[in-house]
Amino acid sequence: MHRRTFIKNTGALVAVGTVPGFTFQSQNAKNKLPKWKGFNLLDFFSPDPASSRKPTTEEYFKWMSDWGFDFVRIPMAYPAYLKFDRSKNITPEEVYQIDQQAVDKIDKLVSTAHKYKMHVSLNLHRAPGYCINAGFHEPYNLWTDQKALDAFCFHWNMWAKRYKNVSSELISFDLLNEPSMREDMNDQHSKRSSVPGAMYRKLALAAQEAIRKENPNHLIIADGNDVGSSVIPELADLDIGQSCRGYHPGIISHYKAPWAMKETDNLPEVKWPGQVGDQYLSRAMLEKYYKPWIDLVAKGIGVHCGECGCWNKTPHPVFLAWFSDVLDILSSAGIGFSLWEFSGDFGVLNSRRDDVAYEDFQGQKLDRKLLNLLMKY
């Protein structure tokens with residue numbers, strides 16, 4: 001679908017420059033960002049389209065809307081919408097080879113979300129030179145190589161141009177999923193550290209310029225430092241929202257997840273609240289963890305939780321008890337959330353847990369207890 005067709009299809013929902021920056025009225029007036037709640041959709045999450053998820057159906061959007069959700073985040077791997085020889089490692093030159101048909105498929109997903117009056121957050125989950133996950137060989141390092149930063153800005157300029165005439169009430173640009181410094185961009189478990197503040201600011205300013213030269217009102221969001229966990233004081237003076245995570249502590253959210261832990265055997269039994277290994281897990285630890293984010297809201301900076309949830313190996317009662325505290329703390333501060341994911345191992349549908357009595361719903365396996373918890377907030 002070409003941009004012209006997209007704009008036509010979204011009809012009255014599209015407005016030009018109707019919102020200066022991103023000053024919306026949320027349910028909690030302190031938060032500069034709305035208290036959106038919804039889901040991540042993983043249609044374009046894989047760098048290889050041949051191994052991508054089944055496309056999100058329009059029926060899914062209808063259910064989300066019927067259940068009161070108003071937000072979807074689309075984490076994209078940039079190779080998913082490129083044309084290049086996938087039998088070889090990508091080259092810096094090939095990073096610019098946009099596949100128009102693949103971009104049109106993303107357009108279709110965006111326009112369907114808009115049909116159901118949902119805000120769409122486009123996110124580069126894999127950007128040129130960086131991804132929190134390995135599994136695709138990056139040709140350079142986004143943080144240290146100018147060629148990578150140039151390509152990063154090229155991609156964001158393309159998306160900003162494509163949605164130039166779409167209101168910030170309907171679309172936002174989440175720059176980079178879960179940034180961190182990693183010794184080897186192509187080794188999942190190589191040593192990680194914080195991105196130096198000046199380096200993150202350089203990237204954000206460059207992307208901001210690339211995006212807002214197409215529309216000065218485009219809404220931009222930056223994921224927290226340290227894989228989304230830490231606020232970014234170096235961006236506080238910029239007209240950019242910040243996105244936290246609902247995965248703390250990782251022993252709960254990513255229990256036995258092989259991509260998150262080197263050793264998944266012999267882990268202690270997880271409880272909430274309770275003693276797990278050498279730490280006591282409780283609501284108090286969550287309140288301490290989220291305090292910097294809540295303080296950010298009080299300073300007038302928009303905050304949203306772009307990802308949250310729990311992999312399916314955590315016992316379901318533990319997950320729900322922990323997640324209830326997470327959502328209550330965020331919601332009390334006027335911070336919205338987006339579950340990773342809608343259908344799949346983290347989702348409300350088809351999560352393949354061993355300890356859930358699923359409800360058969362329109363041919364899907366629905367985790368009704370999790371859905372009720374999400375709808376509560």
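In the predicted model, ring pairs join Phe-39, Tyr-60, Trp-63, Trp-67, Phe-69, Phe-342 and Phe-361 into a cluster. Across the structure, the count of aromatic pairs comes to 25. One of these is formed by Trp-67 and Phe-361, whose ring centres are 5.4 Å apart; the planes stand at 45°, so the pair is tilted. Trp-67 belongs to the loop between α2 (58–66) and β2 (71–77), whereas Phe-361 is part of strand β14 (residues 359–361), so the contact ties together parts that are 294 residues apart in sequence. Both Trp-67 and Phe-361 are buried.

An edge-to-face arrangement is found for Tyr-81 and Trp-159, with 5.2 Å from centre to centre and 85° between the planes. This pair also links distant parts of the chain: Tyr-81 is placed in the loop between β2 and α3 (100–115), and Trp-159 in helix α4 (residues 146–162), 78 residues apart. Tyr-81 has a relative accessible area of 1% and is therefore buried. Trp-159 likewise counts as buried, at 0% relative accessibility.

Charged side chains are also placed over aromatic rings. Lys-37 lies over the face of Phe-69, at 5.3 Å from the ring centre; Phe-69 is itself one of the members of the ring cluster. The ring of Trp-311 has the charged end of Lys-313 over it, 4.3 Å from the ring centre.

The largest pocket has a volume of about 740 Å³. Its lining comprises 31 residues, of which Glu-178, Tyr-247, His-254, Trp-259 and Ala-260 are the closest to the pocket centre. At least two lining residues are supplied by each of α6 (225–228) and α7 (250–253). By class, the lining of this pocket contains 13 nonpolar, 10 polar and 8 charged residues. Glu-178 is located in the loop between β5 (171–174) and β6 (181–182). With a relative accessible area of 7%, Glu-178 is buried.

For the second largest pocket, the volume is about 440 Å³. A total of 21 residues line this pocket, and those closest to its centre are Asp-43, Phe-44, Pro-55, Ala-102 and Lys-105. Two or more lining residues come from each of the elements α2 and α3, and the largest share, 6 residues, is provided by α3. The lining of the second largest pocket divides into 8 nonpolar, 6 polar and 7 charged residues.

The structure also holds 1 cavity of 30 Å³ or more. The largest cavity has a volume of about 40 Å³, and its lining consists of Phe-71, Arg-73, Ser-121, Asp-174, Ile-221, Ser-243, His-304 and Gly-306. Strands β2 and β12 (303–308) each contribute at least two of the residues in this lining. The cavity lining is made up of 2 nonpolar, 4 polar and 2 charged residues.

The cysteines were examined next. A disulfide is a covalent bond between the sulfur atoms of two cysteines. The search of the whole structure finds 0 disulfides. For Cys-308, the closest cysteine sulfur is that of Cys-305, at a distance of 4.6 Å, which is too far for a bond because a disulfide requires the sulfur atoms to be within 2.5 Å. Cys-308 counts as buried, at 0% relative accessibility. Cys-310 is likewise in no disulfide, the nearest cysteine sulfur, that of Cys-308, being 11 Å away. Cys-310 is buried, with a relative accessible area of 0%.

The peptide bond from His-248 to Pro-249 is cis, with omega near -5°, and Pro-249 is placed in the loop between β9 (241–246) and α7. Another cis peptide bond joins Trp-272 and Pro-273, with omega about -10°; Pro-273 lies in the loop between α7 and β10 (274–276). Asn-350, although not a glycine, has a positive phi of about 55°. The position of Asn-350 is in the loop between β13 (337–339) and β14. Asn-350 is partly exposed, at a relative accessible area of 23%, whereas Glu-178 is buried.

Note on methods
Residues are numbered from 1 along each chain as its sequence is written. This is a predicted model: local features need pLDDT of at least 70, side-chain atom pairs count only at pLDDT 80 or more; totals for chains, interfaces and linings use all residues. Side-chain values use heavy atoms; hydrogens and water are left out. Rings of Phe, Tyr and Trp (its six-membered ring) pair if their centres lie within 6.5 Å; planes under 30 degrees apart count as stacked, over 60 as edge-to-face and the rest as tilted. Helices (H or I, at least four residues) and strands (E, at least two) are DSSP runs, numbered from the N terminus. Buried means under 20% relative accessible area, exposed over 50%, partly exposed in between (1.4 Å probe, protein chains only). A charge sits over a ring if NZ of Lys or CZ of Arg is within 6 Å of the ring centre and within 35 degrees of the ring normal. On a 1 Å grid over the protein atoms alone, a cavity is a set of points where a 1.4 Å probe fits but cannot get out, and a pocket is an open set with protein on both sides within 12 Å along at least five of seven lines; lining residues have an atom within 4 Å of a point. Grid points are joined across faces, edges and corners, and a volume is the space filled by probe spheres set on the points. Ala, Val, Leu, Ile, Met, Phe, Trp, Tyr, Cys and Pro count as nonpolar, Asp, Glu, Lys and Arg as charged, and the others, Gly among them, as polar.
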